[in-house]
Amino acid sequence: MILPIGPIHPSLKEPLRLKLKTQGEKVLSAEIDYGYVHRGIERIMKGKTWQKGIYLSERVCGICSYIHTQTFAETFESIAGERAPLRAQYLRVLTNELDRIQSHLLANSTYFKAIEHETLFMYMLYLREPVMDAIELLTGNRVNMGWNVVGGVRMDVKQTHMDSIMKIMLKLESEFERYVEMFEKGPLVGLRSHDVGKMTRDEAIKARAVGPIGRASGLEHDLRENHHTYKDHLDLKVIWRKEGDNFARNMNRFDEITQSINLIKQVIEDLPEGDIRKKIDIPAGYGDWRNEAPRGEVTYTVETNGNLIKNISIRTPSIMNIDACAKYMFNDVATVSDAVATYASVDPCIACTERVVIVDESGKTREFDYPNYPKI
Amino acid sequence: MLDALKDVIRKSSIHVCLINTGGCNGCDIEVVALLSPRYDLEQYGIYVHNNPREADVILVAGAVTEQWREKLQRIYAKVPEPKIVVAIGNCPLSGDVFNQEGSSVYAPVSDYIPVDAEVSGCPPRPSEILAAILSIGPNAIAARGRQKL
């Protein structure tokens, strides 16, 4: 029997259609329909300046909106062969890690909601609000921050802001462990999470899983290791686990939050003095840049004529993770409610994924023809 | 007598369904933030269920994409009377940054379904969304419930 879930469904936050093939209560396989949030961002960006493009790139995804602007800016900086001033790089790390903490807390809260553990769901949101306050204090907005520009960041910070953020981080750290322990050692939560939705390392490689989902299956891969700021100035160790089940994915995110708090402390302690922005002349050229978003690897490929964006391609992590979920995690799920929990554990972000490229069988790429959009 | 009783019940238990018709999901996470202990939506008797068949208030977030043009009306028809629609964010009002040449969005959302309240912002703060639901929700639902009877 085919069980359709979505596009609007109590367990889904964003529109998506899951078609679960079931036998009794057991889920045999799954199929996923996308396309509900396709807005044509890449196409709008073409022929615009970067000042307009960066505004659009922020709205690729609301949850990880920060990393999109950083990657966009760093792509242009790499085309010009320059880097932002060191103080700006540090401030980018600070905002990035704050964004990662709130995104991971939100992802875990969604998972706890999916396994009907309302208490932990509320605790996660309770922890998240002070982090949103820190982001608002630093950048002036809660979600779409507008913090990055090509060549640096938009605003400088004051010492009082830094003290407040440090205070928020210390409070988060002191409260955090109790809730992690509730999840790690709680018998009820363990029953619903251990050995559910397993994905082995080989399967993760085949499905190209990235981010915490890949790392929970044993892929020791974090792009922050290769990023120049993290590599040269900060102390970072890749966190990964072997189990590859729902429990591992959530614990991996919890451990990364602890690491992000440490990174923020390092940044606040050794924040260098200097400029926050410098003028960069962008030549005509072609470049790409990869960064670690909260959900995994995000890639921007840009072709510019020095002033306007000629061509842009955005690759976000969610598309690989959702496909990994549909193909490999849904194979041995005992019940439909476990399938929904497994789907929530991969931290799906539908707004990220919606991009279209049609590849001809001859290998030729052509653009989507909007006026003759096929009726689905 | 029965009407007065129904008014009380309709005002004190409002079920919300969130429909993202093609935005950046920034507004969605602000609605999720409303559930947090700081804002505590449920103390006002508002419950986010995401189920159109039992909803009283529909929150629409997002410019309308191609797939949603027909489906939005179909979902609206499934919501039982009395119902109100609140548009959250700039996208359902004007399409925001997505409403440019070459895009595949068809804003505003009021072309497809009647909108009762609009909250602008990209995204609006959780307290603004809450204020919008509270300012129109209970009284409008009660008034419309009487009209239909």
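**A helix pair in chain A**

Reply: Helix 3 of chain A and helix 4 of chain A are roughly antiparallel to each other. In this predicted model, the axes of helix 3 (residues 65–80) and helix 4 (residues 86–114) of chain A come within 9 Å and cross at roughly 150°. Because angles over 145 degrees count as roughly antiparallel, the pair receives that description. The crossing of these two helices is left-handed. On the side of helix 3 of chain A, the contact is made by A:Tyr66, A:Ile67 and A:Gln70; helix 4 of chain A contributes A:Arg92, A:Thr95, A:Asn96 and A:Asp99. By class, the residues of this contact comprise two nonpolar, three polar and two charged.

Elsewhere in chain A, an open sheet of three strands has the order 1-2-3, with antiparallel pairing. Its edge strands are strand 1 (2–5) and strand 3 (26–33) of chain A, each of which pairs on one side only. Neighbouring strands of the sheet are turned by 25° against each other on average, direction ignored. Strand 1 of chain A pairs with strand 2 (residues 17–23) of chain A over four bridges, and A:Pro4 has A:Lys19 of strand 2 as its bridge partner. Helix 13 (residues 336–345) of chain A lies across strand 1, strand 2 and strand 3 of chain A, and runs at about 145° to strand 2 of chain A.

As for the contact between the chains, 36 residues come from chain A and 37 residues from chain B. Helix 5 of chain A gives the most to the side of chain A that touches chain B, with five residues. That side has 21 nonpolar, seven polar and eight charged residues.

Notes: Residues numbered from 1 in each chain as written. Chains lettered and ligands numbered in written order. Predicted model: local features only at pLDDT ≥ 70, side-chain atom pairs only at ≥ 80, totals over all residues. Axes fitted to C-alpha atoms, helices over the stretch in contact; angles between N-to-C directions. Parallel < 35°, antiparallel > 145°, perpendicular 65-115°, else oblique. Left-handed = near helix turned anticlockwise from the far one by under 90°. Contact = placed C-beta atoms within 7 Å. Nonpolar A, V, L, I, M, F, W, Y, C, P; charged D, E, K, R; others polar. Pairing = 2+ DSSP bridges.
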